[in-house]
Amino acid sequence: MAVGEYQRITSETPLPCFALLVGSADQATLTVERVAFGRNARTTDPAARREFTESIVPLFGPAYENETRAWWIDSHDLLRASREAEADGLEILGSVHMHPDWHRIGPPEERQLILSERPTPMDQHVFGNTGWPVNLICYLERRGDVMYHALAAWAPPPPESPHLPCAELPLRIRTRAVVGV
């Protein structure tokens, strides 16, 4: 999905790609069972518009005035995903979103922030405010005709120290294939 969205990106439209991570947690492991998608309410929800105008743009810069940049999941979709997860004995564990190589393909005035699979200051803000235990960032980069991916998992900063950086989490990707011994 992220590669398809990446291919539609232009320097005017960053096209964020976002999903919720749904799964289960035990003391040592967060297991993502599926992702849940929702609409971006950034341009339709008055609360989202206000948050960006009053908080996000002053904190993180004019690049976030671009309404196609960044994600605010529709509250109805978040509630639906939460109810569906609960009905299946699961919970919302966090989020996954894409960072394209915007410093290469975006408009010249927005190329100063080099993106990667690491959280941006905006990501750290969002991860801290949601409090979800895991947030994945998928970095996509095109070099010639080849796409490269980097994936990393992040815990939010502790609530008592929101200025601390997000902590990187170990990431293991489980496959359903049976492995012979």
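Let's start inside helix 5, where the buried residues are Met 122, Asp 123, Gln 124 and Phe 127. Keep in mind that everything here comes from a predicted model. The cover over those buried residues includes helix 2, strand 3, strand 4 and strand 5. Once helix 5 ends, the chain goes on to Gly 131, which has a positive phi, near 75°.

Is Thr 120 buried or exposed? Its relative accessibility is 8%, and the cut-off for buried is under 20%, so Thr 120 counts as buried. Setting aside neighbours within four places in sequence, the residues in contact with Thr 120 are Tyr 64, His 99, Leu 113 and Leu 115.

What is the lining of the second largest pocket made of, by class? There are 20 nonpolar residues, eight polar ones and three charged ones.

## The largest pocket

The largest pocket comes in at about 990 Å³. It is lined by 32 residues, and those nearest its centre are Val 32, Leu 136, Leu 171, Arg 172 and Ile 173. Strands do the work here: the elements giving two or more residues to the lining are strand 1 (18-25), strand 2 (30-36), strand 3 (91-100), strand 4 (134-143) and strand 5 (146-155).

Which strand gives the most to this lining? That would be strand 2, with six residues. Sorted by class, the lining of the largest pocket holds 23 nonpolar, four polar and five charged residues.

Ten residues make up the largest nonpolar core: Phe 18, Leu 20, Val 22, Ala 36, Ile 73, Ala 81, Ala 85, Leu 90, Ile 92 and Trp 132. Strand 1 and helix 3 (75-87) are the elements that give two or more residues to this core. Strand 1 gives the most, with three residues. To see one member up close, take Ile 73: leaving out residues up to four places away in sequence, Ile 73 touches Phe 18, Leu 20, Gly 38, Arg 39, Ala 41 and Leu 78.

Apart from that core lies another one, of seven residues, including Ala 19, Val 96, Leu 136 and Ala 153. Leu 136 also showed up among the residues nearest the centre of the largest pocket.

Asn 135 sits in strand 4. With a relative accessible area of 0%, Asn 135 is buried. The C-alpha atoms of Asn 135 and Ser 95 are 4.8 Å apart, although the two residues are 40 residues apart in sequence. Not counting residues up to four places away in sequence, Asn 135 touches Gly 94, Ser 95, Phe 127, Ala 152, Ala 153, Trp 154 and Pro 156.

Leu 169 belongs to strand 6 (residues 167-169). Beyond its neighbours within four places in sequence, Leu 169 is in contact with Pro 133, Val 134, Ala 153, Trp 154 and Ala 155. Ala 153 and Trp 154 are also on the list of residues that Asn 135 touches.

## The chain as a whole

Stepping back, the protein chain has five helices and six strands. Along the sequence they follow the pattern α-β-β-α-α-β-α-α-β-β-β. The chain has 181 residues, and 40% of them count as buried.

Among contacts with a separation of 6 or more, 61% are between residues 24 or more positions apart. The accessible surface comes to about 10800 Å², and carbon and sulfur atoms account for 55% of it.

Conventions:
Residues are numbered from 1 along each chain as its sequence is written. This is a predicted model: local features need pLDDT of at least 70, side-chain atom pairs count only at pLDDT 80 or more; totals for chains, interfaces and linings use all residues. Side-chain values use heavy atoms; hydrogens and water are left out. On a 1 Å grid over the protein atoms alone, a cavity is a set of points where a 1.4 Å probe fits but cannot get out, and a pocket is an open set with protein on both sides within 12 Å along at least five of seven lines; lining residues have an atom within 4 Å of a point. Grid points are joined across faces, edges and corners, and a volume is the space filled by probe spheres set on the points. Helices (H or I, at least four residues) and strands (E, at least two) are DSSP runs, numbered from the N terminus. Ala, Val, Leu, Ile, Met, Phe, Trp, Tyr, Cys and Pro count as nonpolar, Asp, Glu, Lys and Arg as charged, and the others, Gly among them, as polar. A nonpolar core is a set of buried Ala, Val, Leu, Ile, Met, Phe, Trp, Tyr and Cys residues joined through side-chain atoms within 4.5 Å. Buried means under 20% relative accessible area, exposed over 50%, partly exposed in between (1.4 Å probe, protein chains only). Contact means heavy atoms within 4.5 Å. Accessible areas come from the Shrake-Rupley method with a 1.4 Å probe; for residues, only the protein chains shown count as cover.
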